[in-house]
Amino acid sequence: MSDTVNEAVAVLNDKLSGASFNGTAKFAVEGEGSIMMDSSGARAGDEAADVTLTADAETFKSILEGDTNPTSAFMTGKLKVDGDMGMAMQLASVLA
């Protein structure tokens, strides 16, 4: 597992604390690994999910740091979404 994934798990768990997220989501970070998110938090893993968001490491890090809006990243093709678009929108509001 990469340092990028380990750091992302910590950041995502901070962002998720107190937030309501029902469902499962997977962040697939190209060349680094995957992060699973559900109502219990974030963890490294690569399982089936309601929605999968795929981005390169630079885009993913920029989204986590708040420098890139997830919706803008999607609209410009930097973030790919596969699965439940409603779940992706819910996740974007948690990350903002």
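Asp38 lies in strand S2, which covers residues 33-38. Helices (H or I, at least four residues) and strands (E, at least two) are DSSP runs, numbered from the N terminus. This is a predicted model, in which local features need pLDDT of at least 70 and side-chain atom pairs count only at pLDDT 80 or more, while totals for chains, interfaces and linings use all residues. Residues are numbered from 1 along each chain as its sequence is written, and side-chain values use heavy atoms, with hydrogens and water left out.

Asp38 counts as buried because its relative accessibility is 16%; buried means under 20% relative accessible area, exposed over 50%, and partly exposed in between, with a 1.4 Å probe and protein chains only. Not counting residues up to four places away in sequence, Asp38 touches Phe21, Gly23, Thr24 and Arg43. Contact here means heavy atoms within 4.5 Å. With Arg43 there is also a polar contact between the two side chains, at 3.2 Å. A polar contact is a pair of N or O atoms within 3.5 Å; within protein, one must be able to donate a hydrogen and the other to accept it, and residues adjacent in sequence count only if both atoms are side-chain atoms.

The pair of Arg43 and Asp38 is also a salt bridge, the closest N and O atoms being 3.2 Å apart. The term stands for a side-chain nitrogen of Lys or Arg within 4 Å of a carboxyl oxygen of Asp or Glu. Arg43 forms a salt bridge with Glu47 too, and there the closest N and O atoms are 2.8 Å apart. Through shared partners, these salt bridges join Asp38, Arg43 and Glu47 into one network. Arg43 counts as partly exposed, at 31% relative accessibility, and Glu47 is partly exposed with a relative accessible area of 38%.

A search of the whole structure finds 3 salt bridges. One of them joins Asp46 and Lys26, with the closest N and O atoms 2.8 Å apart. This pair links distant parts of the chain: Asp46 is in the loop between strand S3 (41-44) and S4, Lys26 is in strand S1, and they are 20 residues apart. Asp46 is exposed, with a relative accessible area of 58%, whereas Lys26 counts as buried at 13% relative accessibility.

Strand S4 (residues 51-56) contains Asp56. At 33% relative accessibility, Asp56 counts as partly exposed. Asp56 touches Val29 and Glu30, again not counting residues up to four places away in sequence. Val29 and Asp56 are 27 residues apart in sequence, yet 5.5 Å apart in space, C-alpha to C-alpha. A polar atom of the Asp56 side chain lies 2.7 Å from the backbone nitrogen of Thr59.

What lies in the interior? In soluble globular proteins, nonpolar side chains tend to be buried together. The largest nonpolar core of this model has 25 residues, and those with the most contacts inside it are Leu12, Phe27, Ile35, Met37, Phe60 and Leu91. Such a core is a set of buried Ala, Val, Leu, Ile, Met, Phe, Trp, Tyr and Cys residues joined through side-chain atoms within 4.5 Å. The elements giving two or more residues to this core are helix H1 (3-16), strand S1 (25-30), S2, S4, helix H2 (57-64) and H4. Leaving aside neighbours within four places in sequence, Leu12 is in contact with Phe27, Ile35, Met37, Ala42, Phe60, Leu64 and Leu95.

Helix H4 spans residues 85-95, and its buried residues are Met87, Ala88, Leu91, Ala92, Val94 and Leu95. They line one face of the helix, because seen down the axis of H4 they fall within an arc of 160°, the arc being that of the directions from the helix axis to the C-beta atoms. At the N-terminal end, H4 is capped by Asp84, with a side-chain oxygen 2.9 Å from the backbone nitrogen of Gly86.

The overall fold can now be set out. The protein has 4 helices and 5 strands, and from the N terminus on its elements run α-β-β-β-β-α-α-β-α. Of its 96 residues, 41% count as buried. Among contacts between residues at least 6 apart in sequence, 63% join residues at least 24 apart. The C-alpha atoms fill a box of roughly 30 × 30 × 25 Å, taken along the principal axes.
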